[in-house]
Amino acid sequence: MLKTLRRVFSYARPYMIYFVLTVVFAAAGISLSLAVPVFIGNAVDLCAGKGRVDFDSLKPLVIKLGIMVAASALFQWLMSLCTNKLAFLTVRNLRADVFAKLQRVPIRYIDRHTKGELSSRVINDIEVISDGLLQGFTQFFTGVITILGTLIFMLTINVRITVVVVLLTPLSFIVASKVTKATHDQYIQQSKLRGRMVGFAEEYAGNQKLVNAFVFGERARNSFSELNNEYGRVGTKATFFSSVTNPSTRFVNGLIYAAVGLMGALGALGSFPFIGAMSVGKLSSFLAYSNQYTKPFNEISGVFAELQNAVASAERVFSVLDEEEISDDSGKEELDKCSGALSFSDVFFSYTKDMKLIEDFRLDVKSGQRIAIVGPTGCGKSTIINLLLRFYDPDSGSISVDGKDIGEYTRDSLRSRFGMVLQETWVFTGTVAENISYGAPDASREQIIEAAKAVHAHGFIKRLPEGYDTVISEDSGLSQGQKQLICIARIMLMDPPMLILDEATSSIDLRTEQRIQRAFVKLMEGRTSFVIAHRLSTIRSSDVILVMKQGNIIEQGSHDELMEMGGFYAELYNSQFAS
Amino acid sequence: MRPLLRFLKNYRKELVFGPFFKLLEAIFELIVPMIMASIIDKGIAAGDTSYIFSRSGLIVLLGVCGLCFALTCQYLAARCAYGFGTELREELYRHINALSFKSIDRIGTSSLVNRLTNDTMTVQNGVNMFIRLAVRAPFLVIGAAVMAVSIDLKLSLVFFAAAPLISAAIFFIMRKTVPMYKKTQQKLDRAALLTRENLEGVRVVRAFSRQQEEIDEFDEAVDELADCSAAVGRISAVLNPFAFMVMNLGIVAILWFGGIRIDSGRLTQGELTAFTNYMTQILLALVVLANLIITFTKAFASANRVSEVFALEEEENGKEVPSADADTMVEFRDVSYAYEGAGDHSIKGLSFAVRMGGMLGLIGGTGSGKSTAAALIPGFYRATSGEVIVGGVNVDHCDQAALRHLIGWVPQKAVLFSGTVRDNMKWRKEDATDEEIIDALKTAQAWDFISRMPDGLNTHITQGGRNLSGGQRQRIAIARALVGKPEILILDDSTSALDYATDLKMRQALKSDMADTTVIMISQRTTSLKDADIIVVLDDGETAGIGTHEELLGSCDIYREIYRSQMNEREGRKDA
């Protein structure tokens, strides 16, 4: 825990100055504000009664008090400014670091985690760190100063009553911690129910149209109602118990107040010498202190709970930062020009050690050849692409481009030689034009339109409310097919010597696909290309068709040769026309 | 906000008594300084020890009562808030279930989910805090002021100068910061969006070597976020020190003028102490109030978002019941439809008729209007012009539940729900027997793989059906629509994940098992539609051709083009 804390604060190191200033301003502001009751007490003592007010002493005292108050307010304000600055800048850097880190971790790492989980580390966890650690720290710090300060002031007024106050304060603590414990279980139950209810809402309200279509509303409502009522019942309890804390600690503070009042009054009477002498003014400042003294205790116990959360969050964030990065590319060769000749030799690869996938894979591809890969789901088709683009590295064996192992080139230069369209479409929040020119940010509007026309996307784009300037996103209502067209247009804008099409047209209707095919043929002219397709019609004209099964190539040849063979491929191919 | 108030109706008692008990607690809290003043003025001055003891005891007693009142209030608040929240969600979910598709489109399902959960919970919390604190804080301010007035009217003028000053500061700071908080939240949302998109597109980002640009864009977003948060922080940081200063300067003024009044005998020393005490109490109450305003602003924003859902139109429901054995089961008469906000019609002047037990094929490119046409049949959307007639009745006048009970619908995206296979199969017919379910699964070619699963019909399906392959999901989704033999079956391009052999077997089974069912089939494969009584070719919403397979081959260019492209493949097979 300490290590994690230290590490979070190492992020704050560049802003040490704000940290130091926070401490200085806090100390100054708080001690000034703590001195205020003493002065008030003194002032009260100067107003002993009718005709006995000492104005000569009161006047400078009141002026001093005014100056102190103003100065204290100023310091408190400066302190908040510094804490804010410290927190926001630290958090900013931490976020930027984690995001940048995510660009350097192996794809393997990202594939293994859900996207929601990782993005929640960048956003939510860091937010918790900001609230809990940085702002919590200032709260903790000011709390401690306040407690120490009031203790000192109280001791200077009356040692015995101070001892009583110090002895009574743990009461407040005990009450608070008892309540927290009692509430904890209920809170857990409530958050579980909340999770179930949100899950239900996501599933059913999220598919509301289906629910309507099946006239399922009545039944869905009954299930929801059950969850909702249970949540209401548990929530009432949990909320009530947690809201017991404040009145209870307030009650304990009231007790302390009464005890101080009693002892102070008796002390002022002088009839109980062991309490020590007390003036009315001193009593009123003591009362003020006893109030201030108990308050930070409540705050600090809250801070500890938040601190634990924050440390847990920080550990999650640091686990990303500690992840091993992809190997360094510096000093490697840039792949500038390449003919597109490729070879796989003796490649072994698997995602997990206990599940063998690709074994002893060999393939020679001549420049400009069109390679098609077919086979059932999970046979390793997409893995070949993961290896080619170095998203993953083979366990053994080598893949070379133009006779040189791809590990000897920089990743960026290698990847820039490939144009890639994946089955899983990816559009980001931005205009259509921005999405199309993602790989060629300098493309002119004419070039973008040209690319869109080539893939027959121009028609629907034109019909969008703002044409090419319409902002689109993953869920902005574009159909899967339309998104796929945009992804294809993306590579039309580039001029890559090698192409990878992984189920690139799976969501596009046949007629449009036929038309795009022409654009593809043109694009693939003279380029080495890899095509993975579900619909065998799209790959018939390939130079080489690889038929894969369980990580191995089981058949290899042109369409006609494979049909001749009458093997697995022929079987797959024929099944699509049986009628 | 106003439409939500009716959900508080059943909690009038809590709404009245909750704040009332809080009020009592606050009153007791206000009396304490008075008692302390009397201890000072009477007890100490007169040297009356027993008076001091009894008064101190009274303070403790007041504390005990205060605690009881406060707990009562907290309990009533929790009960009211959660009762309100539960009823609100109940009604909101009922309303959501009654919404027309047009209304659903307007808000979007993910936003509906958010409003049903997060927003109602925020409002619920707002109600809770309202009962607990909204009365207490202003009352403490007013009460302290009243007490001050009762002690010394002239001296209490200091209060009336200080309190409005602080209130004004709170008001101005809130007015400035609330929109800024919203903006900060937007900046945070943007950073979250960038992160999510980056992770989802990680392969594309790296394939296009755009990591640095992505980092730069994110840096810019977090810079803006930091700037925004800092700007809000700068302003809201003023509040506490300012309130502290005004209040304490008020105390300074009280000391000075109080001194004058004590000197002239119109105020006692103890009363002066009480005065300063009230000043502090006002300060604390106002600060709580300021924080409360933030909670309320959030609650109001959420309440408005929930109200927006309530303002959406429910689906119009007619009374007529469509006949299950009309000669013409589905008929379109010159039907056009335009989605809300869309510039162009999705369907223009579509007319056709399908007899009972017949089959209609819909074919056309992406965005040609096929799905829209199918969605008009169960009345999901209402024709902008023209008539859609199902079972002899215009769907506009149909009882929607009766209409949809006739129909089995298979959506494009096969979504299943968490639960067992059996649970999912009972969607169309709640009391379906296992026999009926298995029949449907057999027709949909799904029984094969389900019977082989160790748990059979009890096999658990995870949310969305992610533990099944696309093809399996699709077959179960088809079977789900077949349970109870619907009069009309709509297949919206529902076989795309099936291989050709399975697709064929399923079509044959449909024909023999569901002979009386009228089938509306959307497909991209001409082979799937060959047996249809009537095929409509759609192109950009317009009817490009209508007729049987043979007729269309002769008359419709587009149909011929689609057919040829698929036949070429067949030729290829023959060549080989």
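**Ground rules.** Local features in this predicted model need pLDDT of at least 70, side-chain atom pairs count only at pLDDT 80 or more, and totals for chains, interfaces and linings use all residues. Residues are numbered from 1 along each chain as its sequence is written, while chains are lettered from A and ligands numbered from 1 in the order in which they are written.

**Entry 1, domains.** I looked up the domain bounds, which come from an automatic or database domain assignment. Chain A has domain 1 (91-321), domain 2 (334-417 + 499-579) and domain 3 (427-495). For chain B I noted domain 1 (2-311), domain 2 (320-406 + 489-500 + 516-544) and domain 3 (410-485). Over C-alpha atoms, the centres of domains 1 and 3 of chain A are 49 Å apart. For domains 1 and 3 of chain B, the value is 52 Å.

I counted two residues as in contact if their C-beta atoms, placed from the backbone, lie within 7 Å. Chain A puts 127 residues into the contact and chain B 126. On the chain B side, helix α9 (residues 211-263) gives the most, with 29 residues. Helices (H or I, at least four residues) and strands (E, at least two) are DSSP runs, numbered from the N terminus. I sorted that side by class and got 61 nonpolar, 41 polar and 24 charged residues. Here Ala, Val, Leu, Ile, Met, Phe, Trp, Tyr, Cys and Pro count as nonpolar, Asp, Glu, Lys and Arg as charged, and the others, Gly among them, as polar.

The axes of helix α2 (residues 16-46) of chain A and α9(B) come within 10 Å and cross at roughly 10°. Axes are lines fitted to C-alpha atoms, for helices over the stretch in contact, and angles run from 0 to 180 degrees between N-to-C directions. I therefore logged α2(A) and α9(B) as roughly parallel (under 35 degrees; over 145 is roughly antiparallel, 65 to 115 roughly perpendicular and the rest oblique). From α2(A), the contact is made by Val36(A), Ile40(A), Ala43(A) and Leu46(A), and from α9(B) by Asn248(B), Ile251(B), Leu255(B) and Gly259(B). By class I have six nonpolar, two polar and no charged residues there.

I traced an open, mixed sheet in the order β6-β9-β10-β3-β11-β12. Strands pair if DSSP finds at least two bridges between them. β6 (407-410) and β12 (542-547) of chain B each have a single partner strand, so one side of each is left without a neighbour in the sheet. Neighbouring strands are turned by 15° against each other on average, direction ignored. Strands β3 (residues 359-364) and β10 (residues 518-522) of chain B run parallel, joined by four bridges. I found Met521(B) of β10(B) as the bridge partner of Gly361(B). Helix α16 (residues 470-482) of chain B packs on the sheet, touching β6 and β9 (488-492), and its direction makes about 170° with that of β6(B).

Six bridges join β1 (residues 328-337) to β2(B), and Phe332(B) has Phe352(B) as its bridge partner in β2(B).
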